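This report describes a ligand site and a pair of packed helices. The structure is shown first.

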Amino acid sequence: MASNILELTGVSSYYGDSQALYEIALSVREGTILGLLGRNGAGKTTCLSTIMGFVKARAGTIRFRGDSLTGLSPESIVRAGIAIVPQGRRVFKSLTVRENLAVAVHSARKLSKASWSMEKVFDLFPRLRERRDQYAGSLSGGEQQMLAIGRALVSNPLLLLMDEPSEGLAPQIVQEVELIIKMLKDDGLSIVLVEQNADLALRLAEDVVMFSTGSVAFSGKAEDVSRRPELIDKHLAVF
Ligand code: ATP
């Protein structure tokens with residue numbers, strides 16, 4: 001059985017005095033996808049922000065490859081090998097495609113063996129190569145999503161956090177995103193996939209954690225969730 005690349009134990013986070021996460025425990029097995037599901041406001045984005053160090057955990061431990069991330073800056077966490085594809089893409093709209101990638105290359109984890117370069121990202125997303133001198137703000141939603149994924153990849157992560165990569169995309173583009181995620185996993189990347197699209201997450205993920213109002217409400221295998229639609233009804237309602 002694969003070892004855990006990421007482990008959260010008893011993690012609690014706050015915005016000011018308002019608690020958003022309550023003693024979260026979850027783990028990601030190396031080389032697998034963990035689907036993180038839950039209704040709007042359940043705490044999924046906060047969980048990713050806490051892993052990245054944007055929001056400081058006030059209690060609990062986060063271990064990445066066995067080492068505690070406590071007290072590390074987001075830059076150090078990226079250098080340790082974690083990258084995020086943020087919700088809503090968040091590309092730099094007034095920079096070109098190439099400049100968006102160059103900014104991320106700057107903070108890349110240094111590797112000796114074959115790693116992600118701008119060219120390799122362009123091989124994965126030929127449309128980005130065609131549009132490399134265009135402003136990111138002029139790209140379609142799907143292309144911006146590809147750029148956001150490419151930007152995360154050039155930091156050479158071992159663990160990729162993806163926050164609703166299918167949000168707001170046409171079904172055909174969602175299929176493309178699904179293929180890319182599958183390919184990245186087959187390439188050995190470990191992934192935390194936050195999704196409102198439960199079907200997509202259940203097709204891709206081995207393991208699933210469901211959040212409800214800042215707590216873990218369910219944790220188990222994706223195949224078990226697929227066989228128990230009542231779990232989806234209870235924790236996600238609208239699907
Ligand atoms: P969504 O699917 O809508 O993104 P989510 O599951 O990612 O939902 P979070 O965005 O993590 O949920 O929000 C968890 C809780 O924290 C919510 O009650 C939200 O209002 C609150 N929250 C999120 N961001 C902030 C912030 N910057 N300041 C204060 N409260 C916040």
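## Basis of the description

Helices (H or I, at least four residues) are DSSP runs, numbered from the N terminus. This is a predicted model, in which local features need pLDDT of at least 70 and side-chain atom pairs count only at pLDDT 80 or more, while totals for chains, interfaces and linings use all residues. Residues are numbered from 1 along each chain as its sequence is written, and side-chain values use heavy atoms, with hydrogens and water left out.

## Ligand shell

The shell around the ligand holds 13 residues, each with a heavy atom within 4 Å of it. The closest are Gly-41, Gly-43, Lys-44, Thr-45 and Thr-46. Helix H1 (residues 44-52) makes the greatest contribution, three residues.

## Polar contacts and burial

Polar contacts are pairs of N or O atoms within 3.5 Å. A backbone N or O atom of Gly-43 lies 2.9 Å from an oxygen atom of the ligand, and one of Ala-42 lies 3.1 Å from a ligand oxygen atom. Gln-87 places a polar side-chain atom 3.3 Å from an oxygen atom of the ligand. Taken alone, the ligand exposes 630 Å², of which the protein buries 57% (Shrake-Rupley method, 1.4 Å probe).

## Helix packing

Helix H6 (residues 141-153) packs with helix H7 (residues 171-186) at an angle of about 15 degrees, their axes being 10 Å apart. Axes are lines fitted to C-alpha atoms over the stretch in contact, and angles run from 0 to 180 degrees between N-to-C directions. H6 is therefore roughly parallel to H7 (angles under 35 degrees).

Methods
Polar contact = N/O pair within 3.5 Å; in protein donor to acceptor, adjacent residues only side chain to side chain. Helix = DSSP H or I, 4+ residues; strand = E, 2+ residues; numbered from the N terminus. Parallel < 35°, antiparallel > 145°, perpendicular 65-115°, else oblique.
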